[in-house]
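Try each one yourself before you read the solution.

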Amino acid sequence: MIRELLSNMVPRVFFSGQKILKRGTESRGIYFILKGRVFLTIENTALVSLSDNSYFGDCLFLQRNSTFNYVPGDEDVRCLFIDRSAFETICRHYPYEHDILRKVAYQRNEYFNDIRKKF
């Protein structure tokens, strides 16, 4: 599975101030942060910070739209990106792993929503 995922990933660079994923939109895929910091924001307030070796866009597992804006910090963010279609095609061959990823996405979503509710 890992080999297939890696062979379908493409590098992406995002610049400070650029929205990567807008609140209320559907994720086009999953982003794996190689270098930099991404903030999950609502109304220009950063609620969560993700950095190297983290990921986002996994709301696609839950068939939900993003509840945050995802924006780079003060430096460029370098990611590996796999689009939704390629990811779903690969996951069909690995149902057990896909189920685990979906459960983790659900837990992360609950955690992030708890933070959002405090805002």
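**Exercise 1: Across the strands**

Arg12 sits opposite Cys79 of β7. This is a predicted model, so keep that in mind as you go.

Task: Work out which strand β1 pairs with and in what sense.

Solution. Start from Arg12 and Cys79, which face each other. Next, look at Phe14: opposite it in β7 stands Val77. Now count the bridges: five of them join β1 to β7 (residues 77-83), and the two strands run antiparallel.

**Exercise 2: The whole sheet**

Task: Find the order of the four strands in the open sheet.

Solution. You already have β1 beside β7. Move on to β2, which pairs with β7 in the antiparallel sense over six bridges. One spot to check is Gly29, standing opposite Asp83 in β7. Putting it together, the order is β1-β7-β2-β5, with antiparallel pairing. The edges are β1 (10-14) and β5 (55-56), since each pairs on one side only.

Then look for what lies across the sheet strands: helix α2 (residues 84-92) lies across β2 (29-35) and β7, at about 55° to β7.

**Exercise 3: Two ring pairs**

Task: Decide whether each of these two aromatic pairs is stacked or tilted: Phe32 with Tyr55, and Phe56 with Tyr70.

Solution. A pair of aromatic rings is described by how far apart the centres are and the angle between the planes. The whole structure holds six aromatic pairs. Take Phe32 and Tyr55: their centres are 6.1 Å apart with 40° between the planes, and the pair is tilted. Phe32 is in strand β2 and Tyr55 in strand β5, so this pair ties together parts 23 residues apart in sequence. Phe32 is partly exposed, at 26% relative accessible area, and Tyr55 is partly exposed too, at 23%.

Now for Phe56 and Tyr70: the centres are 5.0 Å apart and the planes are at 15°, so this pair is stacked. Phe56 belongs to strand β5 and Tyr70 to strand β6 (residues 69-72), and they are 14 residues apart. Both Phe56 and Tyr70 are buried.

**Exercise 4: Rings and charges**

Task: Say which ring Arg12 lies over, and which ring has the charged end of Arg108 over it.

Solution. First, gather the cluster linked by ring pairs: Phe14, Tyr31, Phe56, Tyr70 and Phe81. Arg12 lies over the face of Phe81, 4.3 Å from the ring centre. Finally, turn to Arg108: its charged end sits over the ring of Tyr55, at 4.0 Å from the centre.

Definitions and conventions
Residues numbered from 1 in each chain as written. Predicted model: local features only at pLDDT ≥ 70, side-chain atom pairs only at ≥ 80, totals over all residues. Heavy atoms only, no water. Pairing = 2+ DSSP bridges. Contact = heavy atoms within 4.5 Å. Axes fitted to C-alpha atoms, helices over the stretch in contact; angles between N-to-C directions. Phe/Tyr/Trp six-rings, centres within 6.5 Å; stacked < 30°, edge-to-face > 60°. Buried < 20%, exposed > 50% of the residue type's maximum accessible area, 1.4 Å probe, protein only. Lys NZ or Arg CZ within 6 Å of the ring centre and 35° of its normal.
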